[in-house]
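Please look at the model shown below and follow the explanation from one place to the next.

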Number of protein chains: 2
Amino acid sequence: MTGRPARACLTLLLLAVLAPAAPVAQQAQVPPEETNFNRKPFFLPDAPQDIQTLSGVRVRVTPIKGLRYPWALTFLPDGAMLVSEAGRNTLRLIRNGVLDPKPVAGLPKVMDRVTGPSAGVDIALHPRFAENGIIYYAYWKVKPEEQDKQVQRTVRTAVLGRARYEGGYVLEDARDIFTSNAATDGPVATRIAFGPDGKLYMVIGSPGATQSAGKGMDAQDPSMHAGKVLRLNEDGSVPQDNPFVGKQGYRPEIYALGIRNSIGLIFHPQTGELWETEHGPYGGDEINRIKAGANYGWPLITFGRSYVNPLQDGLPPASVQPPNAAPGMEQPLAVYIPVIGIGGMTFYTGNQFPLWRGNLLIGGMAGRQISRVAFNRQGLETRREPMLTELRQRIRDVRQGPDGLVYATTDEEDGAVLKIAPAPETN
Amino acid sequence: MTGRPARACLTLLLLAVLAPAAPVAQQAQVPPEETNFNRKPFFLPDAPQDIQTLSGVRVRVTPIKGLRYPWALTFLPDGAMLVSEAGRNTLRLIRNGVLDPKPVAGLPKVMDRVTGPSAGVDIALHPRFAENGIIYYAYWKVKPEEQDKQVQRTVRTAVLGRARYEGGYVLEDARDIFTSNAATDGPVATRIAFGPDGKLYMVIGSPGATQSAGKGMDAQDPSMHAGKVLRLNEDGSVPQDNPFVGKQGYRPEIYALGIRNSIGLIFHPQTGELWETEHGPYGGDEINRIKAGANYGWPLITFGRSYVNPLQDGLPPASVQPPNAAPGMEQPLAVYIPVIGIGGMTFYTGNQFPLWRGNLLIGGMAGRQISRVAFNRQGLETRREPMLTELRQRIRDVRQGPDGLVYATTDEEDGAVLKIAPAPETN
């Protein structure tokens, strides 16, 4: 310990001893919220809870606890659920609503959870998983050679891996099949989804302006994988019909540009369109429909305000509001202002919640909710309903189970998979 | 009853008798939410409730019940509260947290509550009320001569009145001192506030595009009072230093243009700036700082999407997203997407909630919350926190009491004034 922290501790101790009991009004002069606003964990009871949503749907929420920062979830053909936990290179199995205490090993070493919302492993089954047992995973791999020694931050890059899973507690033959050139030391995510064309789509977030690895403009740089949606063959190679194949200065894997930090990437079950959710800066979470070759504008256009953390960086939030639109750049389908900390999503197609059919269900972390979004026949948003705010859980991802129920992961250290079913009738 | 509804009823009856009990999944095929989404009243218990906000402030909410759609509230010098109720030409007194069962009479006849969020009487005390007992009120006066006989809608206009109130149960000498040329048959509001310059500011909403009286473009028409902030002398006459006095084609009362439907109009307690909240169309509630002579853009620019009610008007929501910005038009200070149904507001300056000091507390109707907005020293928004969503009450207006507590009106038929105090410490 150096002399300065020691002296500071002593001073604090002396103050604590000598100062008269300060009135509450005085203590709170420096708002505690600026550091932990919306980060405080709220207790989630073990028992099922019945909740009536604003639109009158009564749901029963049953937590499946025992998970640490559960991240992605997917369903195996037999109905069991595989769940990843942020910062762990194991997967967890949930069968009939019960968490298997024994994890599934075999993933490569992954980044431990960093401060912030991301850094989990995403998982996706091969479309013919039932036959070939192939599972894909996307993760952040540490690049020790690029370690930032000055600020002791761990630099890492997004990687796509493939393994075989034939049940039990181990993934076999896990190996990287695509390593991006993205570099970041911030809480950036990567997600994957198989398209109806049999290609694997991978979104890689872009590093923030305040990070020491990577640059804010990477998302507009066609030679960088950061801030892009990529399109890959199932072996990790480049499909020759990708929009920028052969174009000078472009990485051929690029499918779309100008992405900030994406936590949701799915295909619409009816239209086959690729939908993406994306964290905005202060104000401006986005839902995008991703088209081949299109540019989604980050960081040149945004509905949010550029910002830096005033406590972390010693600077006030930037006063610059970038423009909302620019020629040749796509507008989001929908925006959240203020942000909900937009997470993963699913289009609900089941029979358990008729009112929700065709709606998008999206996780909200800072917003501690599932946001239900309804659309009209033109595909325009008509209604949004914040659901399950009562639970005060940071909702990371939302998926529909083969049983037509809805499952969500909570981004909490004492985390859970929430099983959301219609509440039993009361008399 | 004509033949068609009768036949429809019979068909429904027959269906009810003949059809097998439909599974729940079938019944909900036509989503009920499209007509009453967020309108369903939720029961508010009589007893005080302790609630912890997301940022960790524990509040005790005590409902003062017995009010029908309480609207505006103001505090008398003796600490008693005057509350208006939408559609009633009486005021109510609350003293020491107890509602006086006897109303205060003397207001002119006002429009009865119309469907939708507005049409209440606003009230404001003269800055020297303690000496002169003068009280102002803004309301919608029926214009029978403009009654739309075709659709049986009641056309009305915004009027400013003045009376004396010396305690007891009657306002005396009530008379109109300014009658606008606004005309609407929609749920449009008008609000008033005294400025530090001793002038009375009055905002009048603009009629919607689907209404039969008034036009959507009234807000941009300088010969109309609709969709404007007006600035008046305390006797209702025009101050000669108003920005458009003497300008051809402009009503001299106009202070600012391009306003949609405003439910909040206050002066910042430190800076003396005029702040306004404004309902956006689908997506795009606004907080504005109103400057003399400025144009706030409605309906030419907006963050919301123009819309019509698909069930009421038989048309799908318009697909047109007007531009967000235009040269010579002001941008909002902050936007809510999705809307919260933005209501009245107050800057909190009291000692009861140190964390909230300097924050804006804003009512949310569709959003059923008090939205707390924090600002940095540059006056830019830094944080928003939805508070009291647990109560599921449509919050119309929020005011700080002379006791440093916060009081809010609920836009409910079984409505209340909510008294919000720090929750007692628990051990």
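The side chain of A:Ser180 makes a polar contact with the side chain of A:Thr157, at 3.0 Å. A polar contact is a pair of N or O atoms within 3.5 Å; within protein, one must be able to donate a hydrogen and the other to accept it, and residues adjacent in sequence count only if both atoms are side-chain atoms. The side chain of A:Ser180 also reaches the backbone nitrogen of A:Ala182, at 3.3 Å. This is a predicted model, in which local features need pLDDT of at least 70 and side-chain atom pairs count only at pLDDT 80 or more, while totals for chains, interfaces and linings use all residues. Residues are numbered from 1 along each chain as its sequence is written, chains are lettered from A and ligands numbered from 1 in the order in which they are written, and side-chain values use heavy atoms, with hydrogens and water left out.

A:Ser180 belongs to the loop between strand E10 (172-179) and strand E11 (190-194) of chain A. Helices (H or I, at least four residues) and strands (E, at least two) are DSSP runs, numbered from the N terminus. Is A:Ser180 buried or exposed? A:Ser180 is buried because its relative accessible area is 5%, and buried means under 20%, exposed over 50% and partly exposed in between (1.4 Å probe, protein chains only). Not counting residues up to four places away in sequence, A:Ser180 touches A:Thr157, A:Ala158, A:Ile204 and A:His225, where contact means heavy atoms within 4.5 Å.

Strand E10 of chain A also holds A:Asp173. This residue has a positive phi of about 55°, although it is not a glycine. A:Asp173 counts as exposed because its relative accessibility is 51%. In chain B, B:Arg368 likewise is not a glycine and has a positive phi, of about 45°. B:Arg368 lies in the loop between strand E20 (360-364) and strand E21 (369-375), and it is buried because its relative accessible area is 1%.

The aromatic rings come next. A pair of aromatic rings is described by the distance of the centres and the angle of the planes. Rings of Phe, Tyr and Trp (its six-membered ring) pair if their centres lie within 6.5 Å; planes under 30 degrees apart count as stacked, over 60 as edge-to-face and the rest as tilted. B:Phe353 and B:Trp356 form a stacked pair, with 4.0 Å centre to centre and 15° between the planes. Both B:Phe353 and B:Trp356 are buried. In chain A, one aromatic cluster is formed by A:Tyr201, A:Tyr255 and A:Phe267.

The charged end of A:Arg260 sits over the ring of A:Trp298, 4.8 Å from its centre; the rule requires NZ of Lys or CZ of Arg within 6 Å of the ring centre and within 35 degrees of the ring normal. B:Arg384 lies over the face of B:Tyr336, at 4.2 Å from the ring centre.

Finally, two cis peptide bonds may be located in chain B. One runs from B:Trp298 to B:Pro299, with omega near 0°, and the other joins B:Ile337 and B:Pro338, with omega about 0°.
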